[in-house]
Amino acid sequence: MKFLVVDDSITMRRIIINALQRIGYSDAIEASDGKEALDKFDSSIGFVITDWNMPAMSGLEFARAVRATPAGQSVPILMVTTRGAREDIVSAVEAGVNNYILKPFTPSVLKEKIDRLLASISAAA
Amino acid sequence: MRPAEELLYDSEASFRLVDHAIQELSASGAELDREATGFLAHVMAQPGGFAELSRTLLRAYAETAGIVGRFRETAGMLDSTGIDKLKEMHGHLREISSATEVATHGILDGLTRAVSLVEKLDEGETLSDAERHKMVSSLREELGGVVNHLQFQDITAQQLKHIEVQLADMNRRITQVVKIFAPPAVTFAKESDSSGIPGYEINLAPNPEAGQAVADEIFAIKAARKSA
């Protein structure tokens, strides 16, 4: 499965990709903001992990834009962010985000969320 | 709004006029005291009489009120919002300091344990395969933990970016205040422009664990509704 990791911090992108490799997912491409991610997004992407606070295009706008594309209607979107207010989380749900992780996170939490999302997609199929 | 310098100059002129009018009125004060009707006649003999004095006093009052208003406006620019922003910045700096310290300790502890495991592996010629496998797995976990602690860099970078935007705003306010009180001859450098700073609004979770619990609850409700 191909992951698209979107974060303006190169450190975070490396940490997420490193964590993905540790839990068994080695195919990942990266983007530094929503705009670049949208350019890279296509039907080959099986899972999106995105930050919220980014220049050019935020993670929230990116999630909405992905959902508006034919290829992005059902792709799982996991948001990894520092924004923890209830209204932010609700906004993420409304934008089409499937699950939410607050930074700092551990690889086990990342694995649990990815597994759960993939399981729910399999169950729905 | 007129500059404070101009208002001060006008009010001084008004007060000088008042002072002059009073001096003129009191020039013949000794004889006027003895005969009130003579005093009134004297005042009325002045150009404009009491009406002119009253007008001059009102003008002086208006100018003074203008200055007070300008002071109030200045205070408004540095009001509680500015103080709150300073407090907020202080809070963010404390969080940065704390996050950096926690991460540094985590990294140091992880590396210390990793070095200890490497030494044991290096010396442990008699280790069984199972023990060796367990130690390598622990070593992998420790090194992974070290990488994980580096997330503090992103979190503190976001807080610093937020402080940068706040400081640019404070700079703008202070420049406006200085402009009000500076002599007219002083020229200012172009007002600092914070638009170049990626000023997205941040809303850092003060307690990530509690925030994660809220997120899990919301997404669990969503999942339950979807499957119902």
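The axes of helix H4 (residues 86-95) of chain A and helix H8 (residues 208-227) of chain B come within 10 Å of each other and cross at roughly 35°. Helices here are DSSP runs of H or I with at least four residues, strands are DSSP runs of E with at least two, and both are numbered from the N terminus. Axes are lines fitted to C-alpha atoms, for helices over the stretch in contact, and angles run from 0 to 180 degrees between N-to-C directions. The crossing of H4(A) with H8(B) is right-handed; a crossing is right-handed if the near helix is turned clockwise from the far one by less than a right angle, and left-handed if anticlockwise. H4(A) contributes Arg86(A), Ile89(A), Val90(A) and Val93(A) to the contact, and H8(B) contributes Val214(B), Ala215(B), Ile218(B) and Lys222(B). Two residues are in contact if their C-beta atoms, placed from the backbone, lie within 7 Å.

## Basis of the model

This is a predicted model, in which local features need pLDDT of at least 70 and side-chain atom pairs count only at pLDDT 80 or more, while totals for chains, interfaces and linings use all residues. Residues are numbered from 1 along each chain as its sequence is written, and chains are lettered from A and ligands numbered from 1 in the order in which they are written.

## The two sides of H4(A)

The buried residues of H4(A) are Asp88(A), Ile89(A), Ala92(A) and Ala95(A). They cover an arc of only 120° around the axis, which puts them on the same side of H4(A). The arc is that of the directions from the helix axis to the C-beta atoms. On the other side of H4(A), Arg86(A), Glu87(A) and Glu94(A) are exposed. A residue is buried if 20 or more other C-beta atoms lie within 10 Å of its own, exposed if 12 or fewer, and partly exposed in between, with C-beta atoms placed from the backbone.

The cover over the buried residues of H4(A) includes helix H3 (59-67), S4 and S5 of chain A, together with H8 of chain B. After H4(A) comes Gly96(A), which has a positive phi near 105°.

## The sheet of chain A

Chain A has an open sheet of five strands in the order S2-S1-S3-S4-S5, with parallel pairing. Its edge strands are S2 (28-31) and S5 (99-102), each of which pairs on one side only. The twist averages 20° from one strand to the next. Two strands pair if DSSP finds at least two bridges between them.

Strand S1 (residues 3-6) of chain A pairs with S2(A) in the parallel sense over four bridges, and Phe3(A) stands opposite Ala28(A) in S2(A). S1(A) also pairs with S3(A), in the parallel sense over four bridges, with Val5(A) opposite Ile49(A). S3(A) and S4(A) run parallel and are joined by three bridges. In S4(A), Leu78(A) is the bridge partner of Ile49(A), and Ile77(A) is that of Val48(A).

## Burial of S3(A) and S4(A)

S3(A) is covered on both faces, with Phe47(A) and Ile49(A) buried on one side and Val48(A) and Thr50(A) buried on the other. In S4(A), five of the five residues are buried: Ile77(A), Met79(A) and Thr81(A) on one side, and Leu78(A) and Val80(A) on the other.

## Helix H5(A)

Helix H5 (residues 107-124) of chain A has 18 residues and reaches 26 Å from its first C-alpha to its last, close to the 26 Å expected at 1.5 Å a residue. The expected span is 1.5 Å times one less than the number of residues. Pro107(A), Leu110(A), Lys113(A) and Ile114(A) are the buried residues of H5(A). Seen down the axis, these buried residues fall within an arc of 135°, so they line one face of H5(A).

On the other side of H5(A), Ser108(A), Asp115(A), Ala119(A) and Ala123(A) are exposed. The buried residues of H5(A) are covered by elements including helix H1 (10-22), strand S3 (47-50), strand S4 (77-81) and S5 of chain A, together with helix H6 (129-149) of chain B.

## Backbone features in loops

Most residues other than glycine have a negative phi, and most peptide bonds are trans. The peptide bond from Lys103(A) to Pro104(A) is cis, with omega near -5°. Pro104(A) lies in the loop between S5 and H5 of chain A. Ala56(A), a residue other than glycine, has a positive phi near 70°. Ala56(A) is in the loop between S3 and H3 of chain A, and counts as partly exposed because it has 16 C-beta neighbours inside 10 Å.
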